[in-house]
Amino acid sequence: IEAAPDDEMHELLIDLRDRLLELTSLIDQQTQLVLQRAADTLRAIISAEDLDAAIRPRLEMIDDTFLSVLQANIHAAEEAHDLQTSARLKQILEKVMEIMREQSPPELRFINDILSAESENAAYAIIEEQAGNFDSRILQVMEAIASDLEERGQAENAEILLQLRDEVARYVQD
């Protein structure tokens, strides 16, 4: 601004700076509202006796921000050695993940099941039992998820998924 060649450019740059500051402030306010909504949702769930009944009607509010707030609270409780709060928050996380798995499409549940299997043999047993229920689109979904995992720096998980995809290909319907 100070190096502007003339008064007109100087005023233009000041107006631009003021607009950018205004937009930054609006973004900060929006971020605060989103975080507050996630914290409010967590407070409502944590105080409920029946987690299932507290979580299900709030599923549309459970997003990445909510999960980040939940994880941050778990970490804070662990750092403070508050075992009771930490255990309750972990219980909420487990229930949220369980409900989200139930709500996910069958293809994603299948992929999650084989990825979280206790062993390679257990994963192959799930594939043998369930892969015939899917058509070749499951292979495309697996490739897309593997690509996403690769982009997020989880190359090892991506490679495992691609190996499982090859096994699934033996069983799928065309």
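Me: How many helices and how many strands does the secondary structure of the protein comprise?
Reply: In this predicted model, the protein has eight helices and zero strands. Along the sequence the pattern reads α-α-α-α-α-α-α-α.

Me: What makes the protein more spread out than a compact globule?
Reply: For 174 residues the globule rule gives 16 Å, whereas the radius of gyration is 24 Å; this is well over the rule, so the protein is more spread out than a compact globule. Along the principal axes, the C-alpha atoms fill a box of roughly 75 × 45 × 30 Å. Buried residues make up 26% of the 174 residues.

Me: Why is the aromatic pair of phenylalanine 110 and phenylalanine 134 called tilted?
Reply: The ring centres of phenylalanine 110 and phenylalanine 134 are 5.0 Å apart, and rings pair if their centres lie within 6.5 Å. The angle between the planes is 40 degrees; stacked requires under 30 degrees and edge-to-face over 60, so the term tilted applies. The structure holds one aromatic pair.

Me: Which parts does this pair tie together?
Reply: Phenylalanine 110 belongs to helix α5 (residues 106-115) and phenylalanine 134 to the loop between α6 (120-130) and α7 (137-151), so the pair links parts 24 residues apart in sequence.

Me: Are phenylalanine 110 and phenylalanine 134 buried or exposed?
Reply: Both phenylalanine 110 and phenylalanine 134 are buried, a term that means under 20% relative accessible area.

Definitions and conventions
Residues are numbered from 1 along each chain as its sequence is written. This is a predicted model: local features need pLDDT of at least 70, side-chain atom pairs count only at pLDDT 80 or more; totals for chains, interfaces and linings use all residues. Side-chain values use heavy atoms; hydrogens and water are left out. Helices (H or I, at least four residues) and strands (E, at least two) are DSSP runs, numbered from the N terminus. The radius of gyration is taken over C-alpha atoms; the globule rule is 2.2 Å times the number of residues to the power 0.38. Buried means under 20% relative accessible area, exposed over 50%, partly exposed in between (1.4 Å probe, protein chains only). Rings of Phe, Tyr and Trp (its six-membered ring) pair if their centres lie within 6.5 Å; planes under 30 degrees apart count as stacked, over 60 as edge-to-face and the rest as tilted.
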